[in-house]
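I opened this one up to see how the chains sit together and what a few parts of the fold look like. My notes are below, in the order I looked.

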Amino acid sequence: MALLEIKNLHAEVAGGGRKILKGVDLTIDTGEIHAIMGKNGSGKSTLCQVLAGREVYEVTEGSVMFNGKDLLELAPEERAREGMFLGFQYPVEIPGVSTSYFLRAAVNEVRKHHGQPELSGVDFYKMVQEKMDLLEMEKSFMNRAINEGFSGGEKKRNEVFQMAVMNPLLGLLDETDSGLDIDALRTVSNGVNKIHQSDKNKAILLVTHYQRLLNYIVPDRVHVMIEGRIVKSGGKELAIQLEEKGYDWVEEEVAAKA
Amino acid sequence: MTAVLEPTNSFVKSFEKTPGHARPWVNDLRGRGMDVFKQLGFPTTKQEEWRDTNISAIANATWSPAKLVTGQAAFDLSQKYSFGKAAAAELVFINGHFDPHLSAVSNLPKGIKALSLEKAFESDAALLETHLGKYAKIEQHPFAALNTSFVREGAFVHVAKGATCEKPIHLLFLTLPGAETAVSHPRVLVVAEENSECSVVETYAGSDSSVYLTNAVTEIVQGKNSRIDHNKLQQEGNAGYHTALMQVVLEGRSLFVSHSTSIGSKLTRNDLHVFFGGENAEATLNGLVLANGEQHIDNHTLLQHEKAHCPSHELYKHVLDGKATGVFKGKIFVQKDAQKTDSKQTSKSLLLSDTAFMNSQPALEIYADDVKCTHGSTIGPVDENAVFYLISRGLSLAQARHLMTYAFAADITRRIKIAPVRARIEDFMTALHGLPQDLRIADEARHDVALL
């Protein structure tokens, strides 16, 4: 069953700015892992931001259905509550707000949305402890301010940790592998796999530049994005081809078809 | 031209009616204060230092000296602001009058005194005569001159050589409704001798909707290698006026830390002057202003670097909503002998409405050639990147904005060492923004409690 169905999605910088997405088509079924690869500036991150509801981008054409709902009609917080999670390429530092407070508030917003009772401090702490172990987070972490003073790698690990805590249906991970050393990459990938396997309905969309990540998180489908469109899709072997040969041959293939 | 005051002015009249003090030098001090005040008159917006703060509402009102109020109302208000056992001593002043029944001074360690000024005129006459009125430059500050002409009551804190005190000394100045348009002139003197260490908190609070003026002067003089952590918490009632000059004088290797928080009042003008009188003295001035409605909060600071090798750090943050106005003018003055001065000044302001207004001006006056002085100022709305980050996790837009505002202020509050001061500000913030108290990040121990 399609969890996410993007049809002919066009988006530009709000207020008549640069056109970035120029007709994206993408369907992700429940339980699948997809990867989008592409050069810098091809629109991969914009796609993630548009799906999460970033208002600096304006959707001008197309449709997005998420778990049976019209995603584009939902406010960003409603998308999160419906089970969409964006792991940011550049997570924001928020000094002065503890991670524990922030995450508990977020989890409880989702629970309220689904008519579930809010988690008490004790229950939340128990739930979080397990996720912290999964991602090998330091004990002091929950008491620290959100991302404050974290290294690039720590921030990315924190994004995946947050995903584990939020337990979304669809995780969008925007270049989560960049900035991670090899050990952290292994831990984080292991975390993503565990989250994915925890429920057969969960799906993951990875945005990455490197095939390396896909050795750890094996995708069902790999897509190539060029100039705001998905121009080629294939299995995991496509990622290996891209790693070896770059993107030029895909561009040539597209040009030949046109 | 400044207007020389009419003899019909309510202050001049009440000065003439004030009975003389038993100590002649106090009468001299008062007399000098009134002479200067008469000379200067009330400041107007034509004067550079007062350009952004119009105090004509104060100048045009008729003020009468605030009278002592006792009973349940005084008790209740003092309880509301009391630090209880968290303070080494708590001196409570109601409408400018010391109330011994509401005060507690029994927990003070050896070598540390905290008592009402009126008592200190008897018990510590020599120290007072040496220090009181010797530092505040009344010629440059009409309100300080006015305070000086009514010097009578307030607090005297003496920290003897080598003495230290872990808990803070809390000076609580409360105003209760009595006669309308009542004025009090609290006076504080802190003398910290060599190698001593102490925390002092001045809280100013009053009931809402009564028009009053608190006109305070604080003088702090620090001996070599002494450390003072000073906190000022201004939570005056919403119709109250607050004017204050704090003059700090530092000897070599001494350390002064100020946390000045302005929450209440209709109009506040704080002047905070630090004089570096010895090498390697250091000062940190942190300020937080949380204003809304039509509040006007003005903070003028002066870091007067007279000696070499003195670092100073200054961070003032404003959160302004409604039609509130904030003024920050930070002057750094570096005399030619003050080589190797290292001074950093930062002003950051968060505007939560289109009608709030912030005026931030650094002023550097440098006569030495080997110094490092930097300043920076930002004024803007809530960071939308951060707001998006929060709402993308399911928080509502309003929640995210509140959280960002809290976080902006927490940058200051978490630097405050005195737990009850921090708690008071955080309580105010969480109540204002409808946030739960377990938001606090202040320290790990407390946070664990909140979490479990």
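Entry 1: I am working from a predicted model here.

**Entry 2: where A meets B.** I started with the contact between the two chains. How many residues of chain A are in contact with chain B? I get 27 residues of chain A, in contact with 25 residues of chain B. Next I checked which elements of chain A supply two or more residues to that side, and the list is α2 (76-81), β7 (94-98), α3 (99-113), α4 (121-134) and α5 (152-166). The top contributor is α3(A), which gives 6 residues. I also sorted the residues on chain A's side by type: 17 are nonpolar, 6 polar and 4 charged.

**Entry 3: helix α6 of chain A.** I then picked α6(A), which covers residues 182-197, 16 residues in total. From first C-alpha to last it reaches 22 Å, close to the 22 Å expected at 1.5 Å a residue. Which of its residues are buried? I noted Leu185(A), Val188(A), Ser189(A), Gly191(A), Val192(A) and Ile195(A). Looking down the axis of α6(A), I find these buried residues within an arc of 155°, so they line one face of the helix. On the face turned away from that buried side I found the exposed residues Ile182(A), Asp183(A) and Gln197(A). What do the buried residues of α6(A) pack against? The partners in chain A are α4, α5, β9 (170-174), β10 (203-207) and α7 (212-216).

**Entry 4: chain B as a whole.** I counted 11 helices and 21 strands in chain B. Along the principal axes, the C-alpha atoms of chain B fill a box of roughly 70 × 55 × 50 Å. Buried residues come to 53% of the 452 in chain B. I also looked at contacts in chain B between residues at least 6 apart in sequence, and 82% of them join residues at least 24 apart.

**Entry 5: Asn60(B).** My last stop was Asn60(B), which I found in helix α3 (residues 56-60) of chain B. Is Asn60(B) buried or exposed? It counts as exposed, because it has 8 C-beta neighbours inside 10 Å, and the cut-off for exposed is 12 or fewer.

Conventions
Residues numbered from 1 in each chain as written. Chains lettered and ligands numbered in written order. Predicted model: local features only at pLDDT ≥ 70, side-chain atom pairs only at ≥ 80, totals over all residues. Contact = placed C-beta atoms within 7 Å. Helix = DSSP H or I, 4+ residues; strand = E, 2+ residues; numbered from the N terminus. Nonpolar A, V, L, I, M, F, W, Y, C, P; charged D, E, K, R; others polar. Expected span 1.5 Å × (residues − 1). Buried ≥ 20, exposed ≤ 12 C-beta atoms within 10 Å, placed from the backbone. Arc of directions from axis to C-beta.
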